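Dear colleague,

I am handing over the structure below, and after it I set out what was found in it. Please have it open while you read.

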Amino acid sequence: MSYLKNEADAEEVVQEVFLRIWMNRDSLKSETSFQAYLFTIAYNAMKKMFNAKAKSNQFKLELVDELDDEAGVVDYENNYQLVVSRLDQFIEQMPERRKLIFVQRKREGRSVRQIAENLNISVKTVENQITEAMKYLKKRFEGELPGGLIYFSLYFEKASGH
């Protein structure tokens, strides 16, 4: 809590630490310091969380850059919060599995292969879910926000596992 300054994030790290210990319980060595092992796991979980938050912030900064470059968008600073808010809202409205796959790929930067392995599904399924998520978001932005095609440029990379 003293490092993260957020109760929900601290709880998530504790859960991650517990899960890792539980998953590796058979391979724990009694001759090594459990406290050091615990600290290492907690440290790595916090580092992972900070990296994820940094990627999310980078994602939002890239959105501002795209809005700035877009012709016809006069007041992007006022539109920025609206676009980010709507993007989060639209993502939340996706089916759970699609949302999970999309967030892992686009915000967390995981490879298609990593996602497929983690969720025990095929690479093709991951690619299809990302494609469907992108189509859905494009349609929502086109229908609800002026200049909605700005969204499309944010996800210029195709859902191909690169």
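A crossing of two helices is called left-handed if the near helix is turned anticlockwise from the far one by less than a right angle, and right-handed if the turn is clockwise. With that in mind, the crossing of helix 4 and helix 5 is right-handed, and helix 5 likewise passes helix 6 in a right-handed crossing.

Before the details, please note that this is a predicted model. The mean pLDDT of the chain is 75, with 70% of its residues reaching 70 or more. Among the elements of the chain, helix 5 (residues 112–119) has the highest mean pLDDT, 93, whereas helix 7 (residues 150–154) has the lowest, 46. Over residues 151–162 the pLDDT is below 50, although this stretch still has 28 contacts in the model beyond near neighbours in sequence. Where pLDDT is low, the predicted coordinates should not be read in detail.

Now to the packing of the helices. The axes of helix 4 and helix 5 come within 10 Å and cross at roughly 140 degrees, and these two helices are therefore oblique to each other. In this contact, Leu 100, Ile 101, Gln 104 and Arg 105 of helix 4 meet Val 112, Ile 115 and Leu 119 of helix 5, which by class gives 5 nonpolar, 1 polar and 1 charged residues.

Helix 5 also packs against helix 6 (residues 123–144), at an angle of about 110 degrees and with the axes 8 Å apart, which makes helix 5 roughly perpendicular to helix 6. Here Val 112, Arg 113, Ile 115 and Ala 116 in helix 5 meet Val 123, Val 126, Glu 127 and Ile 130 in helix 6, and the contact has 6 nonpolar, no polar and 2 charged residues.

Helix 4 (residues 96–107) packs against helix 6 as well, with an angle of about 95 degrees and axes 9 Å apart, so that helix 4 is roughly perpendicular to helix 6. From helix 4, the residues making the contact include Arg 97, Arg 98, Ile 101 and Phe 102, and from helix 6 they include Val 126, Gln 129, Ile 130 and Leu 137. By class, this contact has 7 nonpolar, 2 polar and 5 charged residues.

Finally, a word on charged pairs. Side chains of opposite charge can pair when their charged atoms come close, and the count in this model comes to 7 salt bridges. One of them joins Arg 20 and Glu 16, whose closest N and O atoms are 3.1 Å apart. Because Arg 20 and Glu 16 are 4 residues apart in helix 1 (residues 7–23), they are separated by about one helical turn.

With best wishes

Conventions:
Residues are numbered from 1 along each chain as its sequence is written. This is a predicted model: local features need pLDDT of at least 70, side-chain atom pairs count only at pLDDT 80 or more; totals for chains, interfaces and linings use all residues. Side-chain values use heavy atoms; hydrogens and water are left out. pLDDT is the predictor's confidence in each residue, from 0 to 100. Contact means heavy atoms within 4.5 Å. Axes are lines fitted to C-alpha atoms, for helices over the stretch in contact, and angles run from 0 to 180 degrees between N-to-C directions. Angles under 35 degrees count as roughly parallel, over 145 as roughly antiparallel, 65 to 115 as roughly perpendicular and the rest as oblique. Ala, Val, Leu, Ile, Met, Phe, Trp, Tyr, Cys and Pro count as nonpolar, Asp, Glu, Lys and Arg as charged, and the others, Gly among them, as polar. A salt bridge is a side-chain nitrogen of Lys or Arg within 4 Å of a carboxyl oxygen of Asp or Glu.
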